Amino acid sequence: MSPAIAMTTDQTKGGDHHDDQSLYQKGVKHLCENGLDRVPDKYILPAADRPNITKQDLNIVEDNLKLPIIDFAQLLGPNRSQVLKSLANACEHYGFFQVINHGIAEDIISNMIDAGTRFFELPFEDRAKYMSNNMQAPVRYGTSYNQNKDKVFCWRDFLKLLCHPLPEFLPLWPSSPVDFQNLAATYSKETKYMFLMLMEAIIESLGIVTTATTNDQNKTEEEDILKQFEDGSQVMVVNFYPPCPEPDLTIGLPPHSDYGFLTLLLQDEVEGLQIQFQGQWVTVEPIANKFVINVGDHLEIFSNGKYKSVLHRVLVNSVKSRISVASLHSLPFNCMVRPSPNLIGEENPKRYKDTDFGCFLNYVSSCEPKRKDFLESRKLTSKIMEKLDVHST
Ligand SMILES: O=C(O)CCC(=O)C(=O)O
Ligand SMILES: [Fe+2]
């Protein structure tokens, strides 16, 4: 009997046995490969955490959200200041926006989705070569959110690729499908360029530096951070959500915020992404060839809380698989992220502790990551802020 069928039989007895636990570690795609008509206990969320139950209980209307739209091409033209205002508004009030006219050719985008899809279509043994428990592995195939810690697994498999420096990591990326490395490398370079352009604009939108700024120290800070971004970390995550026999019992990705400065997200045409907006979960409509960008925890810290990283989650459905490619960007892994000195003042005390990527990794490896817990752990309480004030005077 195949493992998946054995699991289904155990399921009818209501138990998840040891063998099943190792089966779950192999991912949802593998679990479903021989057919599955019930969701195993391992993936069943407590009733209060189920996306649709919450919706019914809270009487939330199913709503699609039109995200603010940023016209990338206009950032480079005479309307830049107008676009910067829209960008500031989007980062402050939504934490998410959509980018149009980004200049990334449609075939680069569709090739990336296609290459990701073909990777997940490979036989399990080919994908399994990249399985690793090491959170810092340059290439990692895995499942759930944090499969080493999650009590309940979520309905997602992923392929995580470190992208910077590309010449070092590219040869380690999957060599099958044969064109995967090439297509994913092209895509990662294009998204890196978009990230750099967007960060330059976002830093300007925070008022950190404008052409009119005369303070040399401010200028140094802006130039400095943009330079650091060029050499910054980039992690690409290809997410794969197989169809789920009982989608209301589980979730593709639980509510979380992303750790970096910005995430550039590409989704296929299947709905699933929801963001928290004005206290409600709203669905982000996928639009072909457009990017969804979200503010990450590091930008929240850097902006001293002006721009907020936003909780988002992914729902699954019973009919279609879904694929998305998230490109997460930040400073180099060994750099400190701290509130910009330009955004700290008497009226606006420093609100976050300095942090680095190592500190984030320690955090996620030591506990079951939830919601915005990591960022919460970096917040300075008013008591600490008082102390800092005393020391700095
Ligand atoms: O699949 C999606 O739409 C979102 C993925 C996501 O939130 C992530 O990879 O952090
Ligand atoms: Fe995310």
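1. The charged end of Lys42 sits over the ring of Phe153, 4.8 Å from its centre, where the criterion asks for NZ of Lys or CZ of Arg within 6 Å of the ring centre and within 35 degrees of the ring normal. Lys160 has its charged end over the ring of Phe158, at 5.0 Å from the centre.

2. This is a predicted model, in which local features need pLDDT of at least 70 and side-chain atom pairs count only at pLDDT 80 or more, while totals for chains, interfaces and linings use all residues. Side-chain values use heavy atoms, with hydrogens and water left out, residues are numbered from 1 along each chain as its sequence is written, and chains are lettered from A and ligands numbered from 1 in the order in which they are written.

3. The whole structure holds 14 aromatic pairs, taken as rings of Phe, Tyr and Trp (its six-membered ring) with centres within 6.5 Å, and classed as stacked for planes under 30 degrees apart, edge-to-face over 60 and tilted for the rest. Among them, Phe119 and Phe120 are edge-to-face, at 5.3 Å centre to centre and 90° between the planes.

4. Phe120 and Phe240 count as stacked because their ring centres are 4.9 Å apart and their planes are at 10°. Since Phe120 lies in helix α7 (residues 106-121) and Phe240 in strand β6 (residues 234-241), the pair ties together parts that are 120 residues apart in sequence; helices (H or I, at least four residues) and strands (E, at least two) are DSSP runs numbered from the N terminus.

5. Phe119 is buried at 0% relative accessibility, Phe120 at 1% and Phe240 at 8%, where buried means under 20% relative accessible area, exposed over 50% and partly exposed in between (1.4 Å probe, protein chains only). Phe119, Phe120 and Phe240 belong to one aromatic cluster that also includes Tyr130, Tyr141 and Phe180.
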